[in-house]
Amino acid sequence: MRNTSTVRLTVLAVGAVATALVLSSCAAPGAGSARDAPAGSTISSKVSVADVQKLGKTTLKMWADQAEEPLMKDVVPAFEKTYPNVTVDITYKSFDDLVSTVVNAAASASAPDVFQGNIGYAVDGALVKAKLVRPLDDVAKVSGWNSGTGASTLDPAKWNAAGTTFGAGALYGMSPISEVQGIYYNKSKLGALGLQPPTTIAELETDLPTAEKAGMQPIMLGNSDQYAGTHIFSDIAVTDQTPAGIRAWIGGKSGSTFETSGNVKAADTMKVWAKAGYFGSGYDGLSNQDAIAKFAKGDGVFFVGGSWNGASLTSAEFGLSSLTSGGVGATASPWHISSKTNKTAAAIAWLDMLHTPTVGQEILDTGRLPVITDGVTSKDPLQEETLTALKETIAAGTQVGYYDWTTTDMLTVMGGGLQEVMAGRTSSEDFTKTVQAAWVKGHK
């Protein structure tokens with residue numbers, strides 16, 4: 001069943017500076033004001049409130065993931081107070097519905113002015129290839145996105161003009177929200193075992209037999225969805241490989257390969273851990289959601305996973321260690337400006353407001369992680385530990401993204417293949433060959 005709701009939101013404000021529209025010399029004749037500027041025109045200085053006012057009374061139509069709704073309750077009123085001539089009209093959709101319909105919506109005669117896509121070929125690649133989204137390099141330059149804590153998070157939204165490789169090239173989107181992998185731990189169980197929170201995969205591996213010998217399940221894992229196992233695999237794999245090489249493979253760079261010693265070693269480690277019982281039993285029949293629920297109730301010493309799982313845990317009982325050896329991180333679904341919009345100034349102002357410390361704090365306050373971390377703090381210890389993990393991951397340069405971004409079927413190929421490795425039904429070498437074959441096929 002489609003889960004959509006069109007929400008008309010009223011307004012309030014953030015003192016965010018937006019970006020003033022000044023047309024480049026290549027702009028079409030007569031398109032000299034922000035009011036009627038085509039989406040393809042470039043800007044060279046900050047947009048002012050006056051530029052947005054030149055649009056007159058207008059409605060900025062958007063499509064967004066329904067997960068954004070708590071944040072939008074603060075951001076939309078702030079935006080509308082700053083730009084009182086603009087009404088924001090957001091259609092919220094479930095994530096699955098959004099990614100399956102947004103490309104067609106962007107291609108339609110009634111395309112939303114601003115919308116979220118999804119990193120990878122199925123959505124963002126299709127949008128870029130069909131020229132349905134406006135390049136944002138000029139906006140990034142005048143808005144300062146290319147410096148500061150959020151700069152390195154822009155790469156997944158950079159594409160070549162053909163929409164065939166990403167991670168470098170022109171910028172087509174911006175996400176204000178980030179994610180990070182880490183090691184969640186049960187404080188009381190770790191204390192009972194006399195262990196300190198591990199900060200590397202090597203330290204974690206040393207602790208696992210101690211937990212197992214004490215009769216405790218070392219790692220809580222739910223892998224029926226197939227992605228949880230691949231995330232642990234990626235945390236292991238990045239410790240023995242250069243982040244740049246992994247990013248190149250995920251981005252589809254010609255000549256990249258998955259058949260590396262680091263990936264074979266990571267698959268071997270997953271197999272050894274599974275055989276030793278470190279994941280318990282029945283993990284392939286348990287979803288990640290069920291696994292984090294069991295962990296929250298006291299099952300398992302460790303949970304290796306993404307920051308979104310922290311919402312199910314309390315600071316009194318659980319902590320999070322940064323993977324200083326190379327925890328994987330990524331950004332959430334990016335926002336795009338339609339190449340068809342005639343409300344460019346307002347659309348740019350919207351993205352610019354999202355990319356501010358003020359909204360970064362609001363993102364953290366709603367239980368998620370911002371890409372802009374300057375001055376952002378939390379009084380909740382677990383949330384502050386998660387923010388620290390993100391900062392350390394960004395500093396280490398290991399925000400490589402997720403392996404399954406690289407082709408539309410990679411989650412199934414890689415997730416299913418890793419399940420076979422962990423069950424002892426295939427070798428790590430054959431697993432990497434199968435994954436690489438799917439990569440080659442997907443990038444023809």
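User: What volume does the largest pocket have?

Analyst: In this predicted model, the largest pocket has a volume of about 1400 Å³.

User: And how many residues line the largest pocket, and which lie nearest its centre?

Analyst: The lining is made of 43 residues, and those nearest the centre of the pocket are Phe95, Asn118, Glu179, Trp308 and Tyr402. The elements that each contribute two or more residues to this lining are α3 (95-107), α4 (121-129), β7 (177-186), α8 (227-237), α14 (381-396) and α15 (410-422).

User: Which element has the largest share of that lining?

Analyst: That is β7, which supplies 4 residues to the lining of the largest pocket.

User: How do the lining residues divide into nonpolar, polar and charged?

Analyst: The lining of the largest pocket holds 21 nonpolar residues, 15 polar ones and 7 charged ones.

User: Ok, what about His231, where does it lie?

Analyst: His231 is part of helix α8, and it counts as buried because its relative accessibility is 8%, under the 20% limit for that class.

User: Which residues is His231 in contact with, leaving aside neighbours within four places in sequence?

Analyst: With those neighbours set aside, His231 is in contact with Gln181, Trp308 and Tyr402. Trp308 and Tyr402 are also among the residues that lie nearest the centre of the largest pocket.

User: Moving on, what is the volume of the second largest pocket, and which residues line it?

Analyst: The second largest pocket has a volume of about 250 Å³, and its lining consists of Tyr121, Gly125, Ala126, Lys129, Gly163, Thr164, Gly252, Ser254, Trp439, Gly442, His443 and Lys444. By class, that lining comprises 3 nonpolar, 7 polar and 2 charged residues.

User: Which element gives the most to that lining?

Analyst: α4 gives the most, with 4 residues, while α4 and α16 (428-442) each supply at least two.

User: Back to α15, how far apart are its end C-alpha atoms?

Analyst: The end C-alpha atoms of α15 are 18 Å apart, which agrees with the 18 Å that its 13 residues should span at 1.5 Å a residue.

User: Which residues of α15 are buried, and what do they pack against?

Analyst: The buried residues of α15 are Met410, Met414, Gly415, Gly416, Gly417, Leu418, Gln419, Val421 and Met422, and they pack against α8, α9 (243-250), α10 (261-275) and α16. Just after α15 comes Gly424, which takes a positive phi of about 80°.

User: Where do Lys131 and Gln226 lie, and are they buried or exposed?

Analyst: Lys131 sits in the loop between α4 and α5 (137-143) and is exposed, with a relative accessible area of 60%. Gln226 belongs to the loop between α7 (201-213) and α8, and at 18% relative accessibility it counts as buried.

User: Last topic, the whole chain: how many helices and strands, and what share of residues is buried?

Analyst: The protein chain has 16 helices and 12 strands, and 57% of its 444 residues count as buried. Its accessible surface comes to about 17200 Å², of which 52% belongs to carbon and sulfur atoms.

User: And what share of its contacts joins residues at least 24 apart?

Analyst: Among contacts between residues at least 6 apart in sequence, 77% join residues at least 24 apart.

Definitions and conventions. Residues are numbered from 1 along each chain as its sequence is written. This is a predicted model: local features need pLDDT of at least 70, side-chain atom pairs count only at pLDDT 80 or more; totals for chains, interfaces and linings use all residues. Side-chain values use heavy atoms; hydrogens and water are left out. On a 1 Å grid over the protein atoms alone, a cavity is a set of points where a 1.4 Å probe fits but cannot get out, and a pocket is an open set with protein on both sides within 12 Å along at least five of seven lines; lining residues have an atom within 4 Å of a point. Grid points are joined across faces, edges and corners, and a volume is the space filled by probe spheres set on the points. Ala, Val, Leu, Ile, Met, Phe, Trp, Tyr, Cys and Pro count as nonpolar, Asp, Glu, Lys and Arg as charged, and the others, Gly among them, as polar. The expected span of a helix is 1.5 Å times one less than its number of residues. Buried means under 20% relative accessible area, exposed over 50%, partly exposed in between (1.4 Å probe, protein chains only). Contact means heavy atoms within 4.5 Å. Accessible areas come from the Shrake-Rupley method with a 1.4 Å probe; for residues, only the protein chains shown count as cover.
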